[in-house]
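Hi,

Here is the structure I promised to pass on. Have a look first, and my notes follow below.

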Amino acid sequence: MTTNYDMLGRDELNDLEAILSISNSDVDEVIHAVRANSDVLFTWDYERSKPALIKLYEKAKTSQWNAETDLDWSIPVDQEAEVRKNQNANKSAFGEIDLKGTVFSTWGEDDWVKLGVEMQNWSLSQFMHGEQGALICTAQIVETVPWIDAKYYAATQVMDEARHVEVFARYLDTKLSGHYPVNAHLKMLLDDIISDDRWDMTYLGMQIMVEGLALAAFGFMQQMSSEPLLKKLLRYVMSDEARHVAFGVLSLQDFYTELNSKEIRERQEFAYEAAVRMRDRFLQQEVWERMGVDVKEALTLTLADPNRNAFSGVLFSKIVPNCKKLGLLDAGDGWLRTKFTELGVIEYEDWVDTGSEYDSLDAVSQDRTA
Ligand SMILES: [Fe+2]
Ligand SMILES: [Fe+2]
């Protein structure tokens with residue numbers, strides 16, 4: 001029986017000491033090498049045999065956009081003013097928690113604005129790093145997936161991801177006020193995905209888990225933001241991400257019916273581990289460090305806020321239905337259902353899966369026909 005300790009390096013899900021002990025120890029690193037272990041597969045079977053992937057590939061070809069010309073980069077962005085507009089949202093880092101006796105009770109308006117600014121710098125930086133992860137993983141899928149239709153589709157996704165890294169890097173450089181290095185929990189997850197020798201684990205880790213979470217997180221930020229450039233940028237990125245998550249669902253669905261129960265259990269455990277790593281990353285430990293406050297105190301307060309759990313739950317609103325569609329939720333003894341229940345995210349199981357909804361999120365085609 002694999003325990004939490006085996007998978008996560010800790011028994012208790014909310015063990016803050018253990019979570020904080022994972023931190024980025026090399027913030028000045030420029031090049032990061034990871035050894036890939038999977039076979040690179042040629043296929044001599046060029047038969048188009050996966051209709052759902054053929055459809056997705058055609059959709060991808062007509063939904064390409066150009067970051068240079070489809071977005072208006074001349075729009076000025078006053079980051080502080082945007083943060084002030086959302087001031088209540090920033091203070092709600094702690095929701096309704098009583099801050100009396102903590103350092104935060106002495107904070108004035110400027111401190112809360114600074115926190116909001118840092119949180120935005122942090123979020124966009126992690127999106128950018130995650131996008132590079134997607135770029136690399138999808139290039140890897142071109143090499144490792146055995147079907148020609150999937151290689152074709154993945155090739156279009158590689159282009160999409162290059163565009164995503166490009167737009168987040170440009171927005172950070174020209175509109176915001178600072179960068180953060182990759183979060184250690186995210187980096188650990190990306191390393192695990194890339195180094196796994198089973199080709200479908202790249203899909204499960206990236207297309208289902210990382211991109212599933214990204215799709216929900218972009219949607220949340222898109223709704224919260226009133227800044228027109230960021231709003232459109234996120235809407236366009238989401239159009240692509242919905243296809244990418246659908247690519248994962250449509251590719252793995254049949255494949256998973258061929259796996260035995262031990263192999264399925266390994267996929268369930270991988271999905272759970274990825275879910276916890278992503279939840280840990282959203283604790284934003286580096287922001288508190290930069291604010292110069294006691295990180296553990298800040299996170300203890302954050303975790304005590306019931307609204308916080310609702311927010312991190314929403315981030316799983318795409319992942320849970322997609323795992324269900326793949327049969328992972330209830331396979332075997334329903335292990336993943338139990339784990340997602342412990343994480344407090346099982347309520348999303350019957351939300352729409354992305355294999356069915358990607359077309360409706362295609363803002364790029366909708367704009368062109370409008
Ligand atoms: Fe992306
Ligand atoms: Fe993507």
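Before the notes, one term: a residue counts as buried if 20 or more other C-beta atoms lie within 10 Å of its own, as exposed if 12 or fewer do, and as partly exposed in between, with C-beta atoms placed from the backbone. Gln284 is buried on that count, because 21 other C-beta atoms lie within 10 Å.

Some housekeeping. This is a predicted model, so local features need pLDDT of at least 70 and side-chain atom pairs count only at pLDDT 80 or more, while totals for chains, interfaces and linings use all residues. Residues are numbered from 1 along each chain as its sequence is written, and chains are lettered from A and ligands numbered from 1 in the order in which they are written.

Overall picture

Along the principal axes, the C-alpha atoms fill a box of roughly 65 × 55 × 40 Å. Of the 370 residues, 38% are buried.

I call two residues in contact if their C-beta atoms, placed from the backbone, lie within 7 Å. Among contacts with a separation of 6 or more, 84% are between residues 24 or more positions apart.

Two helix pairs

Helices α3 (residues 51-62) and α10 (residues 228-257) pack at about 165°, their axes 10 Å apart. That makes the two roughly antiparallel. Axes here are lines fitted to C-alpha atoms, for helices over the stretch in contact, and angles run from 0 to 180 degrees between N-to-C directions. Under 35 degrees is roughly parallel, over 145 roughly antiparallel, 65 to 115 roughly perpendicular and the rest oblique. From α3 come Ala52, Leu53, Leu56, Lys59 and Ala60, and they meet Arg243, Ala246, Phe247, Leu250 and Ser251 of α10. By class, this α3 and α10 contact has seven nonpolar, one polar and two charged residues. Ala, Val, Leu, Ile, Met, Phe, Trp, Tyr, Cys and Pro count as nonpolar, Asp, Glu, Lys and Arg as charged, and the others, Gly among them, as polar.

The axes of α11 (residues 261-281) and α16 (residues 335-343) come within 9 Å and cross at roughly 10°, so these helices are roughly parallel to each other. Arg265, Gln268, Ala271, Tyr272 and Ala275 of α11 make the contact with Trp335, Leu336, Lys339 and Leu343 of α16. The classes here are six nonpolar, one polar and two charged residues.

Single residues

Back to Gln284, in the loop between α11 and α12 (285-291): its phi is positive, about 55°, although it is not a glycine.

Gln140 sits in α6 (residues 109-144) and is buried, with 21 other C-beta atoms within 10 Å. Leaving out residues up to four places away in sequence, Gln140 touches Ala36, Ile194 and Thr202.

What does Glu357 touch, not counting residues up to four places away in sequence? Ala242 and Val352. Glu357 lies in α17 (residues 354-357) and is partly exposed, with 16 other C-beta atoms within 10 Å.

Cheers

Key. Helix = DSSP H or I, 4+ residues; strand = E, 2+ residues; numbered from the N terminus.
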